[in-house]
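Biologist: I'd like a close look at a single part of this one, please. Take your time and walk me through what sits around it.

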Amino acid sequence: MPAVRATAVGLWGASHPGPTLVVTALAAALGVAVGLEPWRLALLTLAVFAGQLAVGISNDAIDVARDRASGRRDKPLARGQASERAAWIAASVALAAALALSAPLGWRMLAVHALVLGSAGAYNAGLKSTVWSIVPFLVSFGLFPSLATLSAPSPAFAAPWAGIAGAALGAAVHLTNVLPDLDDDARTGVRGLPHRWGARVSAVVACLAVMTGAAAVLVGPGGAITVIAWVFFGAVLAVAAVTIVLALVRPPARVLFRLVMLAALLLAAQLVATGSALTA
């Protein structure tokens, strides 16, 4: 039993639990915002959670040799807490569960979720090391708001402005998520778009992407703009502007990563706050 428990803990650590929980919470919040029935909301949340487990664990399984070469003691698979075989089994089961949980919500939801996961898998499998590394994030996050709207009894894709905001969020996540690991990645041959641009340019472009997404959410729904919409928009712009100034005047540091991620989370909250307008 201790060995089984250690493997389970290792696999959970390999799933990138922070991003997994944040993305799952975002899916649940969008589901609430569009008014999903409890059973639909539960299936959406569980499907996204299972999908994120599959993406995270498969990412670490693919990278295990590179993580060992970089001395990444924070990676459970690299330090042997769980085997590669166990990781691939877990990722496969999670992927099957994600698709099985999506199916009762309709074939459109199933197809789009499969596309979202396939795009993420393409990143893990090799696109991360190319100039096209940002594309899976644009695709997966651009479609992400539609997972909630396609789970409704009358399925429909999310409004185009919501897709723009999702893609902007994905761009920001990609361009900042790798900032703490740029040196380790460079030593092991990973040269995605942010590696080619460098930390400073990546942080600035990520902030500009978040600003674009915030503008899309502000004006996209049409009609009178509420006070809460202006508050979210102002908060995103303020954090992003401060980050750009710091990126330009100071050497790149982990604080840039944290500030851009804060701006991205504010954008996600702004998107959720639009509620039923997502399908307008």
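Is Ser-119 buried or exposed, and why?

Modeller: Keep in mind that this is a predicted model. Ser-119 counts as buried because its relative accessibility is 11%, and the cut-off for buried is under 20%. Ser-119 is part of helix α6, which covers residues 107-125. If you skip residues up to four places away in sequence, Ser-119 touches Pro-136, Val-139 and Ser-140. With Ser-140 there's also a side-chain to side-chain polar contact, at 3.2 Å.

Val-131 has a relative accessible area of 37%, so it goes down as partly exposed.

Now for the aromatic rings. Searching the whole structure turns up 5 aromatic pairs. One of them is Phe-137 with Phe-141, a stacked pair with 6.2 Å centre to centre and 10 degrees between the planes. Why do these two sit about one helical turn apart? Because they're 4 residues apart in helix α7. Phe-137 has a relative accessibility of 13%, so it counts as buried. Phe-141 is buried too, because its relative accessible area is 16%.

Phe-141 also pairs with Phe-144, and this time the pair is tilted: 6.5 Å centre to centre, with 35 degrees between the planes. Phe-141 and Phe-144 are 3 residues apart in helix α7, so about one helical turn separates them as well. Phe-144, like Phe-141, is buried.

For contrast, here are a couple of loop residues elsewhere in the chain. Leu-77 is in the loop between α4 (64-69) and α5 (84-102), and it counts as buried because its relative accessibility is 1%. Setting aside neighbours within four places in sequence, the contacts of Leu-77 include Ala-14, Ile-57, Val-64, Arg-68 and Ala-87. Then there's His-16, in the loop between α1 (2-14) and α2 (17-33). His-16 isn't a glycine, yet its phi is positive, about 60 degrees. With a relative accessibility of 26%, His-16 counts as partly exposed.

Definitions and conventions: Residues are numbered from 1 along each chain as its sequence is written. This is a predicted model: local features need pLDDT of at least 70, side-chain atom pairs count only at pLDDT 80 or more; totals for chains, interfaces and linings use all residues. Side-chain values use heavy atoms; hydrogens and water are left out. Buried means under 20% relative accessible area, exposed over 50%, partly exposed in between (1.4 Å probe, protein chains only). A polar contact is a pair of N or O atoms within 3.5 Å; within protein, one must be able to donate a hydrogen and the other to accept it, and residues adjacent in sequence count only if both atoms are side-chain atoms. Contact means heavy atoms within 4.5 Å. Rings of Phe, Tyr and Trp (its six-membered ring) pair if their centres lie within 6.5 Å; planes under 30 degrees apart count as stacked, over 60 as edge-to-face and the rest as tilted.
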